[in-house]
Amino acid sequence: MGKAKHYIAVTVLVILATLFLRFFILGPIYRLPNAASAQAVPIDIMFSAHFWLISFLFALIMVIMLYSVFVFRRKQGDDEMGPYIHGNTGLEVAWTIIPTMIVIGFGVWGAVVLNELTAPNPQEMTIRVWGQQWAWLFEYPEQEGITTPELVLPVNQPVVLEMESRDVLHSFWIPEFRVKQDLLPGRKTYLRITPTEVGDYKVRCAEICGLQHSVMLADVRVVDQSEFVAWVDERTAAPAYADLTPVERGEIWYTEFGCNACHSLDDTVQVGPSWQGIYNRQVELEDGSTVTVDDAYIRESIINPNHQIVAGFLPNLMPQDFETRMADKEAEIQSTQGTDIDIIDDIIAFMQTLE
């Protein structure tokens with residue numbers, strides 16, 4: 001058979017090595033979570049194509065090298081010089097043109113997939129996403145402006161997320177949906193998803209954004225259409241703010257303004273002091289003085305958070321725009337419900353209950 005037996009042997013070994021690498025090495029190491037969105041399908045196909053190509057190229061190089069080392073090694077007693085080979089022009093042209101065409105092909109393929117994933121859908125539903133250190137907030141303008149710290153999505157419904165950061169860079173990522181998008185302060189970004197699997201998931205921040213980055217999570221629920229309608233009805237039928245007590249409203253503001261990202265309710269120390277039992281307590285400040293955590297101190301700490309820092313905690317972590325944001329929310333409630341409220345007073349009332 002001459003040279004043919006070597007070509008056959010190398011071909012078989014390359015095929016076997018490719019299969020082994022793809023299914024027993026790269027597969028287990030880079031196993032992806034279950035796909036749960038329409039966008040995941042083309043992305044997973046591209047992942048699989050990359051893994052097959054990586055496996056094949058690695059097998060091709062290693063098999064030829066190792067086969068040559070073991071099969072064509074110098075025999076004992078053979079002292080003759082091997083033939084001098086200057087090069088092979090055809091081989092050099094081939095290994096330049098073929099990889100170039102493969103790279104260009106993957107580039108064109110990726111551009112086509114990206115255009116498909118970002119193309120607007122006339123049936124899509126808009127949800128506004130706010131990111132801040134270290135919490136997520138979701139607003140549903142098409143469902144009477146429902147605002148919630150969890151993301152609830154109807155299955156098979158195209159959704160466009162209109163996103164913005166209130167402080168630093170964040171990145172919205174649900175691994176099962178595959179796609180992710182950065183959130184920028186002062187600029188809107190967009191992400192389109194169509195969830196296809198009912199279930200519970202997590203939003204993660206994929207951009208290092210400060211001390212509590214690892215816990216910047218939010219619950220995601222994908223539900224069927226009837227359950228989503230029931231959820232919307234339940235949220236829109238909630239009592240008006242005027243019908244709630246200050247304590248009940250304060251508990252709402254605790255999550256809506258992201259206070260829960262830094263202040264626990266169970267005495268756990270996070271980026272900021274725990275709220276449990278802190279009302280009317282004497283605390284030491286950064287400059288060594290002490291102050292009573294009363295109404296005046298709480299209000300000042302929200303409006304001017306860097307003025308009196310509790311000892312052991314860092315300045316410049318709490319958002320500086322709470323006064324404006326809370327005033328905007330109070331004006332919105334006054335215009336839509338005719339109710340005058342003071343959000344800071346509500347928060348203080350809630351804190352007073354945390355003994």
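Me: What makes the contact between the side chains of E256 and K329 a salt bridge?

Reply: In this predicted model, the N to O distance of the pair is 3.2 Å. The cut-off is 4 Å between a side-chain nitrogen of Lys or Arg and a carboxyl oxygen of Asp or Glu, so the pair qualifies. E256 sits in helix α5 (residues 246-256) and K329 in helix α7 (residues 322-337), and the bridge links parts of the chain 73 residues apart. Both E256 and K329 are buried. There is also a network elsewhere: R128, E139, E162 and K188 are joined by salt bridges that share partners.

Me: How many salt bridges are there in the structure?

Reply: The count is 14. One of them joins R178 and D44, with 2.6 Å between the closest N and O atoms.

Me: Why can R178 and D44 be said to tie together separate parts of the chain?

Reply: R178 belongs to the loop between β6 and β7 (180-183), while D44 belongs to helix α2 (residues 40-71), so their bridge joins parts 134 residues apart in sequence.

Me: Is R178 buried or exposed, and how do you know?

Reply: Its relative accessibility is 13%. Buried means under 20%, so R178 counts as buried.

Me: What about K202 and D219: are they buried, partly exposed or exposed?

Reply: K202 has a relative accessible area of 33%, and D219 has 39%.

Me: On to the rings. What is the arrangement of W136 and F172 called, and why?

Reply: The structure holds 16 aromatic pairs, and W136 with F172 is one of them. Their ring centres are 5.6 Å apart, within the 6.5 Å limit, so they pair. Their planes stand at 90 degrees, and over 60 counts as edge-to-face, so that is the label they get. W136 lies in strand β2 (residues 135-140) and F172 in strand β6 (residues 170-173), so the contact bridges 36 residues of sequence. Both W136 and F172 are buried.

Me: Which residues form an aromatic cluster?

Reply: One cluster is made up of Y241, W253, F257 and F322.

Me: What makes R166 count as lying over the face of W130?

Reply: R166 is 4.3 Å from the ring centre of W130. The distance limit is 6 Å, and CZ of Arg must also be within 35 degrees of the ring normal; R166 is assigned to the face of W130, so it meets both conditions.

Me: What is the lining of the largest cavity like, by class?

Reply: That lining has 23 nonpolar, ten polar and no charged residues. Helix α6 makes the largest contribution, with four residues.

Me: Which residues lie nearest the centre of the largest pocket?

Reply: They are G145, T147, Y241, E256 and K329, out of 31 lining residues. So the pair we began with is here too, E256 and K329 being charged by class. The pocket has about 1100 Å³ of space, and α7 gives the most to its lining, seven residues. By class, the lining divides into twelve nonpolar, seven polar and twelve charged residues.

Conventions:
Residues are numbered from 1 along each chain as its sequence is written. This is a predicted model: local features need pLDDT of at least 70, side-chain atom pairs count only at pLDDT 80 or more; totals for chains, interfaces and linings use all residues. Side-chain values use heavy atoms; hydrogens and water are left out. Rings of Phe, Tyr and Trp (its six-membered ring) pair if their centres lie within 6.5 Å; planes under 30 degrees apart count as stacked, over 60 as edge-to-face and the rest as tilted. Helices (H or I, at least four residues) and strands (E, at least two) are DSSP runs, numbered from the N terminus. Buried means under 20% relative accessible area, exposed over 50%, partly exposed in between (1.4 Å probe, protein chains only). On a 1 Å grid over the protein atoms alone, a cavity is a set of points where a 1.4 Å probe fits but cannot get out, and a pocket is an open set with protein on both sides within 12 Å along at least five of seven lines; lining residues have an atom within 4 Å of a point. Grid points are joined across faces, edges and corners, and a volume is the space filled by probe spheres set on the points.
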